[in-house]
Amino acid sequence: MKLTVNGTAHEVDVEPEMPLLWVLRDELNIKGPKYGCGVAQCGACTVHVDGIAVRSCQLPVGDLEGEVLTIEGLGSPESLHAVQDAWIAHHVAQCGYCQSGQIMQAASLLEMTPQPTDAEIDEAMSGNLCRCGTYPRIRAAIHTAARTLSEA
Amino acid sequence: MSRIATLTRRTFLVGSTAVAGGVAFGIYLARKPIPNPLLDGLVDGEVALTPFVKIDAEGITLITPRADMGQGTYSIQAYLIAEELDIDPATATLSPGTPGPAYHNATILAEGVPYPAFDDSFVAESLRNFMAVPAKLFSVQITGGSSTVPDGFDRLRTAGAIARETLKEAAARRTGSARGDLKTQDGFVLLPTGERIAYTDLAAEAAQIAPVGDVSLRPSSEWRYLGQSALPRLDMARKCTGTEVYGIDLEFDDMLHATVRANPAIGAGIAQFDSAGAEDMRGVHSIVQISQGIGVIADNTWRAFQAAEYLDISWDYPEYPGSSEGLYQELEAALNAPETYDHRQRDDGNVDRALSGGDVITAEYRVPYLAHAPMEPMNAVVRVDGESVEIWTGTQIPVFVRDRAARIAGVKADNVEVHVLPMGGSFGHRLEMTHVEQAVELAMAVPGRHLKMTWSREEDMTHDYPRPASVARARGAVSDGQVSAFDLSVSQSAMAPEWLERLSGRKLPGPDASITTGSWDQPFAIPDYRVTGYRAPSMVPVSSWRSVGASGNGFYHDCFLDELIHAAGADPLAERMRLCMHEPSRKVLEAVGEMSGWNGPARGGGRGRGVGFCMSFGVPCAQVVDVAQTAEGIRIAKVYVAVDVGEVLDPTNLEAQVFGGVIWGLGHAMNCELTYEGHVPDQTNFYDYEGMRLYQAPDITVRALTNGPSIRGIGEPAVPPAAPALANAIFAATGQRIRELPLNKHIDFV
């Protein structure tokens, strides 16, 4: 089975029902997307498929159509995406475990809605659970990233 | 040959004073110098100046032994050392170090003494210091109890200062100058000539001289990092780029992946199991029965999960009730029964007389079992090879993990190496070690290979060692518009003794303070005032949950106080302030009033405000929650928080911890509980254990005061006042007094 992740083509020998999350984590050693619930209730596994945020724990790899982008492909410590930059500026992360998913969800939101209102942020981000309670700073960071991206 | 720096003079003075009263715990043992675990792993050219700083030619390592589960401990420990060492901590390597007695936590046990935190009398202080002795004896390297900052504030800075002065001494001897003429900056000793010598260049010479123990700490006015706003968290960039390596992310070439299904009645056995079909599933390496359940070893986590689901297992049942109904019956039966009396640490005035006639106000309260449910499910990587065991995991109790693994594998504790990893949350879950025990047993089945054991979310939720459920009965009276009598009884299983016995095998005698922590120790002067704890039988195994005893007791104490204040016709904020006899606590109440523009609880139009107050872990915290009743249910509009931590080291992270504590407290109060049927929790994943979502998160304003006499931690104290402030606000908005959590059993939320 072939798939493209962060611009690199891979071939994996797995059953088609294996969720994309576990192909990424255990077959390709791409560990940014996290396992949190396995049932699309927490969003820690969020990646982009052709730019759309999806829950990789619920996407059988056999049904994958399109290129996959994970947090590692969005930006790196040396070359941050505007959303990551805003996250750091607002000191968002606590344990950080959900933040890969939060950032991928936020990046997708800003792709579709460059200047989201608080209501639109609530709508887009409420499927991403954070047990540490970083929500106030997530909201603020999304507004900052929106400004940065609109000025770019 | 390296020399061990004496632990700071100040610590030893305090320790020695404390030890003088500590005959029962063994003064001689406690007085022995604590072995320095860093010396074991040192190679030539390295020198351990103190247990918290390691310098070699390659660089500087700061040892940050308190584990980071998201609360920022690695950063703050590094900043505390770096402030005195004179380095930029971002240029150092951070290591949690090798678990060992030098990293014992003196503060965490001190919180268990039977004196409230606001009592700084000689007796209370002596007993707190005295408790530092068993911490050393038992090697209690524990992260918890909001203790990292109070425990490390002097110790870590002193470690940094000893290291700095010793490096200066080495430079002085090399250059023939006087140490007093030298300065330090960003990892260099500065000579009067303007020449600079790197610390790394001085390390070997510093190893040859006695450490300089005569150091004084800089006043806060000279701090370069501590106290500054927007102090960068040293793990922030990694956590925002997916590059932080949690336990679940570890990868080794030869690694096998495993999962376990164990009896949800933790500790009870397996009646029978059938693995037919599962063994033949793709990628399955083996199916192994271990003492607590059945493990599946496979070549991929998902394949292990799939095969585990396929197992057909029937469990043995323990003797305690299997249903919520039965569990609460036991809690109710223990309440106010003479034979289950545990302790009464508050008994002011004469409550029996005060409540023997006239109008007595009574109320029944209860709080549920609650899962910790950190985002990262429990996991551990273990390799067992002959006589040695190596463990990589996120844990708050590395010494207990080491010793337990040694016992399971039948090796010496010295042959067990524990690597503590950053954790995707804990909230107290990682004060337990079942997952490590299971991983060790499974790794023993595949000797020589790395094995990663990961719990599914469902396994994690059903083996959570939850916050204990409890029930409370409250009685009180008012007179002349004031609260005059308050009597609270709480019944709960003995959480702390059960936990310590699970960990250490030692029975802890005496009462379980956790039953009433957060209610007996509140800084109020009510004329007739009593709090009594009753010990219900051991049932569901329970453990510490963010804010521990205060999580339930804060709700009981403050909600019932609110009821009495309402009955007295007094103002909720003004009457709390009038009753408060502790100045820093009164000040946080005053501050939250000012911040919220307090003008009474009722706001009209279905809006209302509630005050919540609790002092926990020595931190008074007051909150005002502002709610609105809407067509979709209660909406939490705004929260104001004032806390007093004595001294603020990292204002940005303090605010984050308060945000987190408030959201944790409100989210669970809204909609979380574990209920039981047939010994199995009904809630198994986040769809039925939701907590707060972003759309429900209120705007939160935080003010930190510094009137308290000593520095305190902020990981937990914002939790306890949130639930009562919310319930009191709902009462103000709707007239409905809810005395049971979660609140959504009685009212809808947006």
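This is a predicted model: local features need pLDDT of at least 70, side-chain atom pairs count only at pLDDT 80 or more; totals for chains, interfaces and linings use all residues.
**Exercise 1. Find which domains chain A is divided into, and work out how they meet.**

Solution. Next, take the spacing, which is 20 Å between the C-alpha centres of domain 1 of chain A and domain 2 of chain A. Now look at the contact, where 15 residues of domain 1 of chain A meet twelve residues of domain 2 of chain A. On the domain 1 side, β3 (46-49) and β4 (52-55) of chain A each bring at least two residues. The largest share, three residues, belongs to β3(A). Finally, sort that side by class: eight nonpolar, six polar and one charged.

**Exercise 2. Describe the side of chain A that touches chain B.**

Solution. Count the residues to begin with: chain A puts 45 residues into the contact, and chain B puts in 45 residues. Then ask which helices of chain A each supply at least two residues of this side. They are α1 (20-27), α2 (71-74), α3 (82-89), α4 (99-112), α5 (118-125) and α6 (135-151). To finish, the classes on the chain A side are 23 nonpolar, 16 polar and six charged residues.

**Exercise 3. Decide whether α1(A) is largely enclosed or open, and name what covers its buried residues.**

Solution. The cut-off matters here: a residue is called buried if 20 or more other C-beta atoms lie within 10 Å of its own. By that test, Leu20(A), Leu21(A), Trp22(A), Val23(A), Leu24(A), Arg25(A) and Asp26(A) are buried. That makes seven of the eight residues of α1(A), so this helix is largely enclosed by the rest of the structure. For the cover, look in both chains: it includes β1 (2-5) and β5 (68-69) of chain A, along with β8 (256-262) and α10 (301-310) of chain B. One last stop lies just after the helix, where Asn29(A) has a positive phi of about 55°.

**Exercise 4. Trace how domain 1 of chain B meets domain 3 of chain B.**

Solution. First get the bounds from the domain assignment of chain B: domain 1 is 11-241, domain 2 is 253-317 + 373-462, and domain 3 is 335-370 + 466-745. On the domain 1 side, helix α7 (residues 148-175) of chain B gives the most, with four residues. Sorted by class, this side holds twelve nonpolar, ten polar and three charged residues.

Definitions and conventions. Residues are numbered from 1 along each chain as its sequence is written. Chains are lettered from A and ligands numbered from 1 in the order in which they are written. Domain bounds come from an automatic or database domain assignment. Two residues are in contact if their C-beta atoms, placed from the backbone, lie within 7 Å. Ala, Val, Leu, Ile, Met, Phe, Trp, Tyr, Cys and Pro count as nonpolar, Asp, Glu, Lys and Arg as charged, and the others, Gly among them, as polar. A residue is buried if 20 or more other C-beta atoms lie within 10 Å of its own, exposed if 12 or fewer, and partly exposed in between; C-beta atoms are placed from the backbone.
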